Amino acid sequence: MLYGSYLLTIVIFFPAAASLALLMLRADDHLWIRRLAMTIATVEFLFSLLLIPKVQIGVGGYQLEEFAKWINVPPINYHLGLDGISLFLVILTTFLTAVSVLASWNSIQHRVKEFFVMLLMLEVGVVGVFLSLDLFLFFLFWEVMLIPMYFLIGIWGHERRIYAAVKFVLYTMAGSILMLVGIIWLHNLSASVMSGGTFDLPTIQQMLQSGSIRLTSLEEMYLFLAFFVAFAIKVPLFPFHTWLPDAHVEAPTAGSVILAGVLLKMGTYGMIRFCLPLFPNASHRAAPVVATLAIIGIIYGALVALVQPNLKKLVAYSSVSHLGFVVLGIFAFQNISMQGAVFQMLAHGISTGALFLLVGMLYDRRHTFEIAQYGGLATPMPKLAAFFLFIALSSLGLPMLNGFVGEFLILLGTYQAHWNWSAWAATGVILSACYLLWSYQRVFFGEVTVEKNRTLPDASAREKWILATMAVITLWMGVSSPFFTRRFAASSQNVLDQMQRQFPQEASVSGHDFSRAVRSAKVSAPAAEAIAVPAPNKIVIPSLPAQAGEARDLLLVLPSVSPNRSTDSPLKAGTRP
């Protein structure tokens with residue numbers, strides 16, 4: 001390693017190395033397999049907590065970097081790094097893995113050793129995705145994650161598990177192929193500047209930002225779409241969401257917790273880490289379309305959840321709705337909304353993960369997800385009903401709980417840029433209250449209509465420990481949100497700063513091609529030339545909405561400052577066309 005410590009490497013590969021000990025145990029020694037898996041997951045979580053004091057608050061760049069040569073031709077390096085955004089996603093992954101091991105203590109009874117090995121290998125792939133700073137290494141971990149999840153669904157899932165597992169892999173692989181093409185394209189572009197090219201993400205970002213390598217508008221849009229579609233499938237963003245309900249319903253409880261809590265966040269993380277810094281102009285041009293899809297996903301996911309007869313599928317569609325908020329916050333290009341998007345990723349992982357745990361606990365007792373088979377469960381199991389209500393309130397955005405903070409910051413930041421986007425998205429908050437409270441009423445209130453439900457056992461001691469931990473974290477995130485936001489505020493701003501280019505480029509206004517505005521006579525040619533030709537003493541003020549076909553762009557020209565020149569010169573405003 002050229003610099004940094006080995007902590008990131010330990011966090012990535014400790015579960016893989018420790019799982020070798022699991023393979024040494026007899027296949028029928030279920031008790032010690034579970035104990036060892038729980039020990040490995042707990043130690044891994046503690047390792048991830050060591051990252052918090054090592055990440056400096058207020059530093060937006062990568063920290064704790066590890067770098068080593070791996071393959072000479074093509075030049076692929078083992079490059080890891082961490083910032084405030086990936087820090088908590090890594091901790092969320094390790095925490096939910098430990099919770100998933102504990103939640104699977106009694107529900108998994110066949111191929112127990114293989115199940116926990118796959119769960120730990122899935123953790124390796126996901127943590128590697130969040131820490132990789134080499135494009136090829138990122139793609140490698142992205143693909144490694146697919147294999148354990150495929151087996152978790154296909155072997156330990158429910159009736160239609162093979163169909164759901166194959167559909168999950170096909171959708172994700174389709175996006176992965178596009179992303180691989182984009183990675184190779186960027187590598188070939190970098191070869192025009194440095195011998196052999198590079199897959200190193202910070203290096204390519206610097207090349208694009210400084211103008212060492214340049215993309216035409218068409219090239220940038222193609223590359224943006226190659227990465228964006230791969231991430232949109234993983235989120236999933238409407239209309240790429242159809243694999244998600246099947247995967248959730250057929251997956252075992254632990255698989256659903258990891259899928260909703262962590263794997264979906266890989267898509268939104270990829271948008272923040274790759275789409276925005278590498279392709280800023282394309283991101284701005286695509287923002288209206290992406291925001292429209294996000295808002296459709298928010299409302300559509302909530303409406304479909306509202307009419308679901310299947311409780312697990314209802315929670316699955318709620319993820320489509322909640323992740324729409326995250327995508328909207330990212331493509332509002334505001335620091336507040338970006339922080340809200342990151343916080344919502346964490347809050348959704350906790351609250352929706354807890355909902356899937358609760359649904360799994362009900363399934364263990366009744367072996368059905370159909371809401372009609374429940375009713376009046378608050379009488380035989382009051383503790384489970386209380387925890388379910390608490391987590392449902394956090395998911396619908398009750399103030400003082402974690403769901404409120406993320407959605408509020410997203411709507412606040414989005415409103416500053418596009419009030420109409422925020423207004424439409426806010427309807428999703430209302431609809432989430434409708435489907436969550438109505439489903440809670442049908443499951444836990446009313447008369448007991450099915451005789452089997454009268455004697456259902458309440459939460460066991462193990463289940464109460466799991467749910468109490470999730471409830472405490474839910475409350476703590478809602479009350480102590482600055483603990484999180486101040487650690488990724490600088491990283492969020494750094495992403496927006498990386499979208500700024502340091503060389504002359506084709507200017508754009510309000511996310512649309514500026515030359516098109518010139519051709520349609522909305523902006524005069526002199527004003528276009530003034531914007532398109534950068535100067536060190538020129539500041540461009542973003543345009544206000546045009547009214548009656550009249551451009552509202554203002555150019556402020558600041559006089560150069562020298563030691564012999566007064567700084568009191570008045571500002572000169574560009575003339576309106």
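Helices (H or I, at least four residues) and strands (E, at least two) are DSSP runs, numbered from the N terminus. The views below come from a predicted model, in which local features need pLDDT of at least 70 and side-chain atom pairs count only at pLDDT 80 or more, while totals for chains, interfaces and linings use all residues. Residues are numbered from 1 along each chain as its sequence is written, and side-chain values use heavy atoms, with hydrogens and water left out.

View A. Most residues other than glycine have a negative phi, and most peptide bonds are trans.

**View B. Phe333 and its positive phi.** Although Phe333 is not a glycine, its phi is positive, at about 60 degrees. This residue lies in the loop between α14 (311–330) and α15 (335–366).

**View C. The packing of helices α4 and α20.** Helix α4 (residues 84–103) packs with helix α20 (residues 482–498) at an angle of about 130 degrees, and their axes are 7 Å apart; axes are lines fitted to C-alpha atoms, for helices over the stretch in contact, and angles run from 0 to 180 degrees between N-to-C directions. The two helices α4 and α20 are therefore oblique to each other, given that angles under 35 degrees count as roughly parallel, over 145 as roughly antiparallel, 65 to 115 as roughly perpendicular and the rest as oblique. On the α4 side, Gly84, Ile85 and Phe88 make the contact, and the residues they meet in α20 include Phe483, Phe484 and Arg487, where contact means heavy atoms within 4.5 Å.

**View D. The salt bridge between Asp83 and Arg273.** The whole structure holds 6 salt bridges, each being a side-chain nitrogen of Lys or Arg within 4 Å of a carboxyl oxygen of Asp or Glu. In the pair formed by Asp83 and Arg273, the closest N and O atoms are 2.9 Å apart. Asp83 lies in the loop between β2 (76–82) and α4, whereas Arg273 lies in helix α12 (residues 253–278), so the pair ties together parts that are 190 residues apart in sequence.
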